[in-house]
Structure formats: structure tokens, C-alpha cells
Amino acid sequence: MKDTKVLCFANNKGGSGKTTTCSNIGYGLASLGKRVLMIDGDMQLNLSLSLFPEDQVLAMAGQDRNLYMAMKKQEALTDYIVHTPYENLDLIPSSTLMSGIEYELFTKWQREYILKKALKPVTESGIYDYILIDAPPTLGGWVINILCASHELIIPVEASPWGLFGLANMFEFLEEVKEMTPQLSLLGVVITKVDTRKNYFRQTLETLHQMKEVPVFDHYIRVDSSIEWAQDNSQPVIAYKKSSRSAKEYMELVKEVEQKCR
Ligand SMILES: Nc1ncnc2c1ncn2[C@@H]1O[C@H](COP(=O)(O)OP(=O)(O)OP(=O)(O)O)[C@@H](O)[C@H]1O
Ligand SMILES: [Mg+2]
């Protein structure tokens, strides 16, 4: 039985490409024959919306088989898995009630490890090669749970001045969380929404490369309207339009992620 790798996508900066990257890396790994479970950890339901139409996402969010209910009841996530329309790709859907997750965690014993414990039966079953968790744009007790449940962190960063500003907070937070979960490592920073015509992209790259201890993925993702059309169609862009520029870039990133996880 092979070990399951748990990767999470986090950055307190909103709109940095976390969900788009999580969804496409998950779909891309599944398309290469890997068995993948994705966990929607955000009340915005965006990861769920990248795989299912809105009415189905809202139905899942309103029933008791979603992440919020599993966390509230402290149950194993094994019973909360939903098959997606895609081969090798499953999902644990989110709920808008995740807005109250910090309150739910507050009263619980060992509250940083609720998600890790709920995930343990799934990882130990060995049915998945990868579990990918999409985090919300916050840095609180819930994101600590996500980091404590993960082996590797991927930080999507938008090539913009404020994108880099947010990154400093993220690194400080990460240093503190690492004391709680020494197994966690930073797989890399991936630069998203790149406009290669703008000089700021080069400045972003330079600034990141100056941070010697920060691994940066070789592949980056350029701005591409196909991403928005894919999301409008409730699909990852690789599934929606394999020939698009972003789909090809995401497939290259998938291979890089896979190599770095070996
Ligand atoms: N490469 C890209 N080209 C064009 N648009 C993109 C690209 N990547 C992401 N977007 C768009 O940018 C917005 C933010 O992306 P996404 O939702 O993935 O970020 P996020 O970090 O998950 O946001 P949040 O912090 O709200 O969870 C979305 O509207 C998405 O369609
Ligand atoms: Mg998101």
C-alpha cells in the first residue's frame, strides 16, 4: 500500500489563485491515473463549484454530508466522500456554515488537530495517492487545522505588489505553525495570473528568488480568460479546454508537483 500525500493550498491574500490551482492540480493528477481526493475547506464553496454545477453544490452544502458537519461532529471523513463526474477524482464538499468553524473549534479538545484526526482513516486506508485541501484566505485556527493535516504546502501568489506584501505574513504564520506540526514542509510558491507583458512579473520573480530559503516552482500560470469560462462551466480548465494556454501550463505544473513529491 502506497502512502497518501496530503497537500494544501494556502495564502491569506484573497484571490491569489488557491482554488484554481488546487482544482487543476487535482484534476491533472487524476488525469495521469493518480487517485485524488479534494477537500473544499472554504465557505465560498469555490472548489466544489469548480467540479459541480451550482444547484448541486448548494444541495450538498445544505445536507449533513459536508466538511462543516464532519468537523462539528468530529467524525471520520470516510463517510463524507462524494464521487465527482471525473475518473479517479473525489471531493469532500464544503458548506456556507464553514463561516462558523472558528467558533466550533474553539471549545474542542486539541482543536488544532480536528481535521488531521478526521482524515486519518482516509489516509490509512491508502485509497488515495493524493489529498488536496483548499484553504480560505485567512490565517486562523481553521487554517492551522489544514496545515496540521498536511505534509506539503503550496502557496499560490499573484504577481502583484500586494501579492508579495501578503506573503511576509504567510511566512511568519507558517514558522509558528511548524512548531505544532514539524512534518509540514513548503513544497513551493507558484506564481499565478502572470501578465508577461508587465515588468512587475520579473520583479516578483527576482524578489522571490532573493528569498533563498523559499522554493519557487519553475512553472508559472499566465492570465487566461479560459480559466473564467471553465469556472463558468463548473469545470477545471484542463477538463474544459485541454488546448488552452492555462491548461497546458497547469499540466506542466502538475508534473513538477508530482516530481517534487516523490
Ligand atoms: N490564470 C488566471 N487567469 C485569469 N483569471 C484567473 C487566473 N487564475 C485565477 N483567476 C481568477 O481570479 C479569481 C481568483 O482566483 P481563485 O478563486 O482561484 O483565487 P483564491 O486564492 O482561491 O481566492 P480566495 O482567496 O477568495 O479563496 C477568480 O475569479 C479566477 O477566475
Ligand atoms: Mg479560493
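Me: What makes strand β7 (residues 185-192) mostly covered?
Reply: Six of its eight residues are buried. A residue is buried if 20 or more other C-beta atoms, placed from the backbone, lie within 10 Å of its own, exposed if 12 or fewer, and partly exposed in between. Strands (E, at least two residues) and helices (H or I, at least four) are DSSP runs, numbered from the N terminus. This is a predicted model, where local features need pLDDT of at least 70, side-chain atom pairs count only at pLDDT 80 or more, and totals for chains, interfaces and linings use all residues. Residues are numbered from 1 along each chain as its sequence is written, and chains are lettered from A and ligands numbered from 1 in the order in which they are written.

Me: How do you know that β6 (residues 152-158) pairs with β7?
Reply: Pairing takes at least two DSSP bridges between two strands; seven join β6 to β7, so the two pair, and they run parallel.

Me: Why is the crossover from β6 to β7 called right-handed?
Reply: The chain passes through helix α8 (residues 161-180) on the way. With the strands pointing away from the viewer, the path from the first strand over the helix to the second runs clockwise in a right-handed crossover, and this β-α-β crossover is right-handed.

Me: What makes G14 a residue of the shell around ligand 1?
Reply: Its C-beta atom, placed from the backbone, lies within 6 Å of the ligand. G14 is among the residues that come nearest, with K18, T19, T20 and P137, out of 21.
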